[in-house]
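This briefing goes through the packing, the pocket and the charged pairs of one protein model. Please keep the sequence and the structure in view while reading.

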Amino acid sequence: MSQPPADSALGKLMANLPRAGRVEWIGLRPARDVPMQVVDRVEACAGGGLAGDRYGGGSGKRGVTLIQAEHLPAIAALAGHLVVEPMTLRRNLVVSGIPLVALKGRRFRIGGVVLEGTDPCDPCSRMEDALGPGGYNAMRGMGGLCARIVEGGAFGLGDTVEALPASADGGGND
């Protein structure tokens, strides 16, 4: 689905975010089928991924995967768990306070890094093993966001997640 024109009523509504978010958790997947490594700070490589992550060498539109902290309790409840730990869901970042869906098709900054939301981060079949039967469906619609790294740099726990103005994201919602 394409974005509405930035100067349309819907485009203006979609550009208006109530506040910035915050990085709550960072995890790296060093290889396929190995436990995630939790880190406090990470280096992001423009056009690639996160240093130390299996996709760090050049994963394009999926350089970083993000999930919303506010969705973790809902996923847990739908999957029949009291709590779901971030590493179970295999996303790189857990962020709070900003609706990730609003960052699709937009550029945003985390610490010294500029990213662009590319696609929803849909769950995979591995969620059946991770969360139990129905785990895939428990995550549907709440799997997060994939992003490409536009400008590299470092960021860490507690850093701000903020949408950039349309003028800073290549013209906005084209």
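**Largest pocket**

At least two residues of the lining of the largest pocket come from β7, and at least two from α5 (135–139); helices (H or I, at least four residues) and strands (E, at least two) are DSSP runs, numbered from the N terminus. This is a predicted model, in which local features need pLDDT of at least 70 and side-chain atom pairs count only at pLDDT 80 or more, while totals for chains, interfaces and linings use all residues. Residues are numbered from 1 along each chain as its sequence is written, and side-chain values use heavy atoms, with hydrogens and water left out.

- The lining of the largest pocket comprises 18 residues, and those nearest its centre are Val-101, Pro-120, Gly-141, Gly-143 and Gly-144.
- A pocket is here an open set of points on a 1 Å grid over the protein atoms alone, where a 1.4 Å probe fits, with protein on both sides within 12 Å along at least five of seven lines, and lining residues have an atom within 4 Å of a point.
- The space in the largest pocket is about 280 Å³, where grid points are joined across faces, edges and corners and the volume is the space filled by probe spheres set on the points.

- In soluble globular proteins, nonpolar side chains tend to be buried together.
- On the surface, Leu-10, Leu-13 and Met-14 form a nonpolar patch with about 300 Å² of accessible area together; nonpolar side chains (Val, Leu, Ile, Met, Phe, Trp, Tyr) are joined into a patch within 5 Å, if their residues have over 30% relative accessible area and no salt bridge, and areas come from the Shrake-Rupley method with a 1.4 Å probe.
- Leu-10 lies in helix α1 (residues 9–15) and is partly exposed at 48% relative accessibility, given that buried means under 20% relative accessible area, exposed over 50% and partly exposed in between (1.4 Å probe, protein chains only).

**Salt bridges**

- The whole structure holds five salt bridges, each a side-chain nitrogen of Lys or Arg within 4 Å of a carboxyl oxygen of Asp or Glu.
- Arg-126 and Asp-33 form one of them, at 3.4 Å from N to O, and this pair links distant parts of the chain, 93 residues apart, with Arg-126 in helix α4 (residues 126–131) and Asp-33 in the loop between β1 and β2 (37–38).
- Arg-126 is partly exposed, with a relative accessible area of 32%, whereas Asp-33 is exposed at 53%.
- Asp-33 also pairs with Arg-32, their closest N and O atoms being 3.8 Å apart.
- Glu-116 and Arg-148 form a salt bridge with closest N and O atoms 2.6 Å apart, and because Glu-116 lies in strand β7 and Arg-148 in strand β8, the pair ties together parts that are 32 residues apart in sequence.
- Glu-116 is buried at 17% relative accessible area, and Arg-148 is partly exposed at 29%.
- Shared partners join the salt bridges of Arg-32, Asp-33 and Arg-126 into one network.

Technical notes:
Patches are made of residues with over 30% relative accessible area and no salt bridge: like charges are joined within 9 Å, nonpolar side chains (Val, Leu, Ile, Met, Phe, Trp, Tyr) within 5 Å.
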